[in-house]
Amino acid sequence: MSANDSQTSERPGWSGPLRLRDMGSFHIGGQAQTLCGQPTSQHLLAAGGQPVELNPNGTYVTGQMYVQYYWPETPEHTTPLFLWHGGGLTGACWETTPDGRTGWQQYFVRRGWDTHVCDAAERGRSGYAPQFWGLPLSQTVEAVFERFRIGPSLQGAALSDAAQYAFAGSQFPAEAFAAFAQQLVPRWAHTDAMILAAYAALLARQAPAALVCHSQGGMFGLTTALNHPERVRAVVALEPSSVPDCDAGSYQVPTLIVLGDYIDGDARWPRMRERILRFAKRNPCVHILPLPARGLHGNSHMLMMDRNHLQIADLVHDWLAAELAKPAEHLCSATVAD
């Protein structure tokens, strides 16, 4: 735990060691794919070594997902919790904030949840296979600064000066924007089915579960709950990048969608919010939590990294705990002050 995290230092029971009954990781999902008809090539794999002839033809395993788990010594909840990241990111976004504060992974473990952080298929420690998927997409730091609603524009400034270009009142630790930029990874725009298959394999192994998901991961969480409601007890979607198309009332999993600030001035987010609101209106299990309406202002798209991230985590924890305490037949009776 970082010494500069004033939110955690004021919390009873947060100053001591993190006590676990188990921790570890595993890969799940994926399939064997064969490549053929490609030429061999010579490569020097180590400085001063001997060239190696590499034959790319053969079998590869692709589409697998990496899962890291931390289980508290004394769990307080029987439902496991999965943290699913957004586009161009990995599970690292849940571990620690860019300025070194406690991340949501540790938060939920300390609140008694068996917590699992996933690197989606084709991200981070899951690995990727561009020979099958083509070239990935990468995001510039300037695009991320604007799209994640940290500030209106970097205007070509150095990353170390990002705080000067953040929105007034922004909760994002823009002085550490360079550290956040180091987390950005390539992504693909046509691998959703593969990613969903890996998430489904995880839930087939360990379900029912509660999902906390962000941005692109929000769409995956909502779609998974729609397709496999028996495997998902509840969903918290932090600013999902989209919502599934479904018939009114067909979505049956209690869901809380959390929205931050600076949406009205953004080029894309007002339309995205309108789609989210229509989804909630058509499905009574879905409830919207706009943070400004709860007195929390200045939040970026990266809610789990903002300076008030533990206040938001408290809202998420309390909602999940209340929902999961209900009998299963009443799980869709959730209420939230909109």
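**Note on salt bridges and nonpolar cores**

1. In this predicted model, glutamate 175 is partly exposed, with a relative accessible area of 45%. Its side chain meets that of arginine 307 in a salt bridge, at 2.6 Å from N to O. The pair joins distant parts of the chain, since glutamate 175 lies in the loop between α4 and α5 while arginine 307 lies in the loop between β10 (286-290) and α9, 132 residues apart. Arginine 307 is likewise partly exposed, with a relative accessible area of 34%.

2. Arginine 21 and aspartate 114 form a salt bridge whose closest N and O atoms are 2.6 Å apart. This pair also links distant parts of the chain, with arginine 21 in strand β1 (residues 20-35) and aspartate 114 in the loop between α2 and β6 (115-119), 93 residues apart.

3. Arginine 278 counts as partly exposed at 43% relative accessibility, and glutamate 274 counts as partly exposed at 38%.

4. Over the whole structure, a search finds 13 salt bridges. Glu95, Asp119 and Arg125 are linked with one another in a network of such bridges.

5. Turning to the nonpolar residues, the largest core has 44 members, of which Trp94, Trp104, Phe180, Val212, Val236 and Leu320 touch the most other members. At least two residues of this core come from each of several helices and strands, including α2 (104-110), α4 (141-147), α5 (177-181), β7 (209-214), β8 (232-238) and α9 (309-324). The largest share, 7 residues, is supplied by α9. In soluble globular proteins, nonpolar side chains tend to be buried together.

6. Which residues does phenylalanine 180 touch, not counting residues up to four places away in sequence? Phenylalanine 180 touches Leu89, Pro98, Val144, Phe148, Phe172, Met302 and Met305 under that condition. Apart from the core to which Phe180 belongs, there is a second, separate core of 43 residues, which includes Val232, Met272, Ala280 and Val286.

Conventions:
Residues numbered from 1 in each chain as written. Predicted model: local features only at pLDDT ≥ 70, side-chain atom pairs only at ≥ 80, totals over all residues. Heavy atoms only, no water. Core = buried A, V, L, I, M, F, W, Y, C linked by side-chain atoms within 4.5 Å. Buried < 20%, exposed > 50% of the residue type's maximum accessible area, 1.4 Å probe, protein only. Helix = DSSP H or I, 4+ residues; strand = E, 2+ residues; numbered from the N terminus. Contact = heavy atoms within 4.5 Å. Salt bridge = Lys/Arg side-chain N within 4 Å of Asp/Glu carboxyl O.
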